[in-house]
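Q: Could we go through this model together, starting with the ligand site and then moving on to some backbone details?

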Amino acid sequence: MNRRTALVLVAAALLAAAGPSSAQQPIVIKFSHVVAVDTPKGKGAEYFKKLAEERTKGRVKVEVYPNSSLFKDGEEMEALQLGSVQLLAPSLAKFGPLGVREFEVFDLPYMFDNYDELHKVTNGPVGAALFKKLESKGIVGLAYWDNGFKVMSANKPIRMPADYKGLKMRIQSSKVLGDEMKALGSIPQVMAFSEVYQALQTGVVDGTENPPSNFYTQKMQEVQKYLALTDHGYLGYAVIANKKFWDGLPADIRTTLEGAMKDATKFANDIAQKENTDALAAVKASGKTEIITLTPEQKAAMKKALVPVHKENESRVGKDTIAEVYKETGFKP
Ligand code: LMR
């Protein structure tokens, strides 16, 4: 072997050992979301980062931007479509403005009694069909991540539908949730998640709805005197990517990232229920918010007031989509 060949081989070996050289910059994935780190989604995003960077041996770098630190509600979808960010995990209640109203099937009150029913839908044909609808928007659906069942909160005791009359209630950008609040006689106010604490503190809104993990990690116990355990609806997420970016990845990298996403999804969904149970216990322990457990009569009254929202939104959400979810969950309107 001549001297020149030997030198080339040594140089190649050194370059390989050093991993992606300065010549080959890592592929950067910006992952933006609106919640705190110590939440099911926050921890899921950090776990995905860890797996993606480890398994690609540094060929991919994931930058996670929690708490609306990069893009907030109302900005992040457009940023994704423009490619200013590569990954998001918005709530399923935030796809209406994108023109994919069928996602609001997840917002229909009392549709899911538990996570098992929900997973039949997210892991089944309905979940897949909803992701298909995103492709024409330049978006690819990667996974469904759980959060939990929502509770209502306000600064007055809220037990019966009549207690909500005239209250200004913050909601996500979903018409179904608007109808839900109107069905209780309250006034829905769509607002970015990052603005809710201050709006509650200043009285711009009187109350809101959240899974306990969002309530606690946004310190809403400081600005809400009552929390009612209504479990009246579900809040979860779709992890989505910019389609051009995702399809443009080197095949081996995309396969590795799909594996990392699969494992991060299992991780995030395995911790979701406990994160909410622990958050509720922490709210109780804070002594700042009174936890109201509804009687069966009060729960039945809430259900009676809210279930008509299903029929009202048949044409918007899609009769077929709703019927398929009824089939999967066994829901009887
Ligand atoms: C909300 O806006 O209340 C939630 O969607 C925030 C989140 O991402 O959990």
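Q: How do the residues of the shell around the ligand divide into nonpolar, polar and charged?
A: The shell divides into five nonpolar, four polar and four charged residues, where Ala, Val, Leu, Ile, Met, Phe, Trp, Tyr, Cys and Pro count as nonpolar, Asp, Glu, Lys and Arg as charged, and the others, Gly among them, as polar. This is a predicted model, in which local features need pLDDT of at least 70 and side-chain atom pairs count only at pLDDT 80 or more, while totals for chains, interfaces and linings use all residues. Residues are numbered from 1 along each chain as its sequence is written, and side-chain values use heavy atoms, with hydrogens and water left out.

Q: And which residues are the closest to the ligand?
A: Of the 13 residues that surround the ligand, the closest are Lys 41, Lys 94, Arg 170, Gln 172 and Tyr 237; a residue is near a molecule if one of its heavy atoms lies within 4 Å of it.

Q: What lies 2.5 Å from an oxygen atom of the ligand?
A: That is a polar side-chain atom of Tyr 237, and polar side-chain atoms of Lys 94 and of Arg 170 each lie 2.7 Å from a ligand oxygen. The protein covers 100% of the 270 Å² of accessible area that the ligand has on its own, with areas taken from the Shrake-Rupley method and a 1.4 Å probe.

Q: Where does the ligand sit?
A: The ligand sits in the largest cavity. A cavity is a set of points, on a 1 Å grid over the protein atoms alone, where a 1.4 Å probe fits but cannot get out, and a molecule sits in one if more than half of its atoms lie within 2 Å of its grid points.

Q: Switching to the backbone, what is the phi of Lys 57?
A: Lys 57 has a positive phi of about 50° although it is not a glycine. Most residues other than glycine have a negative phi.

Q: Where is Lys 57 placed, and is Lys 57 buried or exposed?
A: Lys 57 is in the loop between helix H2 (40–55) and strand E2 (60–65), helices being DSSP runs of H or I with at least four residues and strands runs of E with at least two, numbered from the N terminus. Lys 57 counts as exposed because its relative accessibility is 69%, given that exposed means over 50%, buried under 20% and partly exposed in between (1.4 Å probe, protein chains only).

Q: What about Lys 219, what is its phi?
A: Phi of Lys 219 is near 55°, a positive value in a residue other than glycine, and Lys 219 lies in the loop between helix H8 (212–217) and strand E9 (226–228).

Note on methods. Polar contact = N/O pair within 3.5 Å; in protein donor to acceptor, adjacent residues only side chain to side chain. 1 Å grid on protein atoms, 1.4 Å probe; cavity = no way out; pocket = protein on both sides within 12 Å on 5 of 7 lines; lining within 4 Å.
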